Amino acid sequence: MIDLHINGQPHAVDVPADMPLLWVLRDVVGLTGTKFGCGIAQCGACTVHLDGQPVRSCVLPVGAVGTRPVTTIEGVARTSSGQQIQKAWLDVDVVQCGYCQSGQIMSAAALLQRVPNPSDADIDLAMAGNVCRCATYVRIRAAIKQAATGKPELLQSIVSGPATSGSGS
């Protein structure tokens, strides 16, 4: 039996120590907000916090967790900072397919905990391990800035093709 502290609640799980934390969370504890993406810690969809630090739960053996608290997207959603991030995500229309979003939000929450007013470089570094196949990276950055400052972030439109002067030439 392995004793875990997940989202502020104790859980005793009867699983092998080498079972990835992701599968314990999803299949044993029933917290399905954390997603399986790649299984090799390269995409970030499975990001959770272990003692406040973002980790990839798909490769973390549950036996390595020890007594450190685990926070999932469900737990972050109950915090005021998590709610600010989720509100910013909605305000900026970050989500397209949504599959990577729990991992993105978990990485953003860890960043804002460490760096309350991050620069673009801070955001890029913290979010580098999270892949968004819909490529909403500009919106993700804007949402993180909005969550940090509380001020709406405006996105510039990207216009493709040559600019026209309207001279009819």
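Let's start with burial. Of the 169 residues in the protein chain, 37% are buried; buried means under 20% relative accessible area, with a 1.4 Å probe and protein chains only.

A word on the source. This is a predicted model, where local features need pLDDT of at least 70, side-chain atom pairs count only at pLDDT 80 or more, and totals for chains, interfaces and linings use all residues. Residues are numbered from 1 along each chain as its sequence is written, and side-chain values use heavy atoms, without hydrogens and water.

Next, the surface. The protein chain exposes about 9400 Å², by the Shrake-Rupley method with a 1.4 Å probe. Carbon and sulfur atoms supply 53% of that area.

Now the fold. We have 6 helices and 5 strands. These are DSSP runs: helices are H or I with at least four residues, strands are E with at least two. From the N terminus, the order is β-β-α-β-β-β-α-α-α-α-α. The C-alpha atoms fill a box of roughly 75 × 30 × 25 Å along the principal axes.

Contacts next, meaning heavy atoms within 4.5 Å. Take those with a separation of 6 or more: 53% join residues 24 or more positions apart.

Which loop holds Asp 51? Asp 51 sits between strand E3 (47–50) and strand E4 (53–56). Its phi is near 55°, a positive value. Asp 93 also has a positive phi, near 55°. Asp 93 lies in the loop between helix H3 (80–91) and helix H4 (101–114). Why point these out? Because most residues other than glycine have a negative phi.

Key
Buried < 20%, exposed > 50% of the residue type's maximum accessible area, 1.4 Å probe, protein only.
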